[in-house]
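Colleague: Please take me through the labels used for this model. I would like to hear the grounds for each one.

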Amino acid sequence: MLSTLLGLLLLLQAPSDPTEDDPTTADTAQEQASPRYGISADFDWSFSNSETSPLNATYYGDNILRLLRVSLLFNFRPSERVGLYVNLTSENGGTPHLYGAFVRLAPFEDTNFWIQAGQIPQAFGAFPERWYPFANSLIGYPLMYSYLTSLQPNSVPAGPDDLLSQRGQGLSSQFRGGYGDADYAGMPLVEIFQWAAGGLGYGSAGSFEYLGGVTAGTLSNPLQVDENGGTQVLGRVRFRPSPALNAGASAARGAYLVDLAEEQLGGRSPDAFHQTAVGGDFHYGRGHLLLYGELGWSRWESPHIDEPLDAVSAFLESRYRLLPGVYAAGRLDRLSFSDITARNGSRQPWEYPLTRLEVGSGFSWERHVLLKLVGQFNWYDQATDLDENIIAFQMVLHF
Amino acid sequence: MRTSLLFRWCCISSALAAIVAAASYAGGNQDPRPATVYGHVEFRGFVRAPSYRDDFYSYRPPGQTTREPDPLRAIVYLEGDNLEPASQPPTAVIDQKGESFVPHILAVERGARVSFRNSDDIYHNVFSFSKIRRFDLGRYPKGQSRSVVFDRVGLVRVFCEIHSHMSAFVLVLPHSYFTTTDASGSYRIPNVPAGSYHVVAWSDPFRLVRKEVRLRSGESSELDFLLEQTR
């Protein structure tokens, strides 16, 4: 399957416009070439000393730090105001699946307002814009975007003790009376390995950018089809006081449980249980230094637990280019959870809080190639037996 | 006696003058009247807009780049043994405006300093991984410049780290006998010592064309080129 994808890429890299026989001036020829297309490919291969790493699992059950991934990205712009985009990705040699397919269009001629609709990337926070391996200075992802909590969209905990019993088991959590054998893993605060169906409008006005729209599912459970009758509403603003600094704020709210969970809800509808999230982010870049920071808060409503289930995550990341093609990077990351009351009366966080430090370096000798070597260190506050210290290598090809 | 000495001195002087003149004639290139080569470069092919990587993951509205594309230009330069370098190569400028490098191709003499100016409201980050000259200028704002000295002969490809669709070429030559065509495709290289040379025309994305020419002192020679697209 991998070779099929690469073959397709080579085929598509051929020019789509035949060379004309008649000599022509360059200006005329450039005007004729108005419809534009782009084909690009990302290939990344990661290897680490951790074979399964529950702390680095994707929605599809793959280990981010041991992953072979090929992505083909197609875009076609018949005019300056219309674009079509498709992302086809294969992981570990599996059948390519459609990550995203959407249209972008600018309906009004004199404004910088765009509409994007289809199966679209996450629009919450700043990291989803640079989550692909060539833009991610490190190999792992921030905890907010990757840590799988034990909460699932199709299965609900029967009570606080049921939830507490599954702490740290996000990849394979099973609640009493739930559907533990279904195809669902636990949910992160924001899922970036799966994109939702929806539509957004976005634009800019001076130093401000804005975005608002609706999608199926929620941040933690993006859906391609409506599986719960609910709709997520989300919005984002970004302020750029100078070219060096960006500051953003995001908010989203939607129903995260799917219809499959309905019989566990005591007669209530899945769309009555929401995930609500807000976040803030900044980005500073000047000279050879880049700094990123994000803070996110999420609340899930669970039918058999009276208290809200909150999670707060924050990270600070930096990258410094030491030499042409050589950089050092680091990310300090924290994820914590609200306390709930167990049957014995004790107050405990509903998931194990943890801290992650990932440091590493990247090297390029050619602009299409990037090699990374990182060390990732994960410390739980309580469940220290689940701590993981990992060394990982990644090779990225980007065309 | 005095007449004899004067006669001998005249004979020796004449002989030396004849030897110098003969040596000068044998060298063949010492005529002080320079030559000129000029002509026109035409481009053949369908010049596609560059295949580009649109920002797939970003919801940032695209910039309003209303700048008209520059007309295609070619670099025309001489290859030959007796082309002396200039004593101090001038500084050249590549501007960054409308998310493009302007000019897209630039020829400089070895040792020249090229200043990369940012005229956009956004940051750019100029870099090159070329073996001839490897550099990374970091991010800097509108109105500022960073410069690089190119001290090895060859072709250097330049990019912006932030905007992958931006690229430029710096062609570093060992002498100053080069020029860039004007908007109509015409070029002129004056003040060339008489002699035999190769004249080379190149642009991106076109095949390089090399032609032979013998330039006679004080004369102008016309040489036209047709550049065909490489892909």
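Modeller: Ser146(A) touches Ala57(A), Ile64(A), Tyr141(A), Pro188(A) and Arg356(A), leaving aside residues up to four places away in sequence; contact means heavy atoms within 4.5 Å. This is a predicted model, in which local features need pLDDT of at least 70 and side-chain atom pairs count only at pLDDT 80 or more, while totals for chains, interfaces and linings use all residues. Residues are numbered from 1 along each chain as its sequence is written, chains are lettered from A and ligands numbered from 1 in the order in which they are written, and side-chain values use heavy atoms, with hydrogens and water left out.

Colleague: Why is Ser146(A) called buried?

Modeller: Buried means under 20% relative accessible area, exposed over 50%, and partly exposed in between (1.4 Å probe, protein chains only). Ser146(A) has 3% relative accessibility, so the residue counts as buried.

Colleague: Where is Ser146(A) placed in chain A?

Modeller: Ser146(A) is in helix α3, residues 143-146. Helices (H or I, at least four residues) and strands (E, at least two) are DSSP runs, numbered from the N terminus.

Colleague: What makes Arg236(A) and Asp281(A) a salt bridge?

Modeller: The term requires a side-chain nitrogen of Lys or Arg within 4 Å of a carboxyl oxygen of Asp or Glu. For the side chains of Arg236(A) and Asp281(A) the N to O distance is 2.7 Å, and they meet in a salt bridge. Arg236(A) lies in strand β8 (residues 232-242) and Asp281(A) in strand β10 (residues 274-286) of chain A, so the pair ties together parts 45 residues apart in sequence. Arg236(A) is buried at 8%, and Asp281(A) is buried at 8%.

Colleague: Which salt bridge does Asp310(A) form, and at what N to O distance?

Modeller: The side chain of Asp310(A) meets that of Arg299(A) at 2.7 Å, N to O. Asp310(A) is in strand β12 (residues 309-323) and Arg299(A) in strand β11 (residues 289-300) of chain A, eleven residues apart.

Colleague: Why is Arg299(A) called partly exposed?

Modeller: Its relative accessible area is 31%, so Arg299(A) falls in the partly exposed class. Asp310(A), at 13%, is buried.

Colleague: How do you know that the pair of Glu161(B) and Arg321(A) crosses between chains?

Modeller: Their side chains meet in a salt bridge at 2.7 Å, N to O. Glu161(B) is in the loop between β10 (154-160) and β11 (167-173) of chain B, and Arg321(A) is in strand β12 of chain A. Salt bridges that share partners join Arg319(A), Arg321(A), Asp136(B), Arg139(B) and Glu161(B) into one network.
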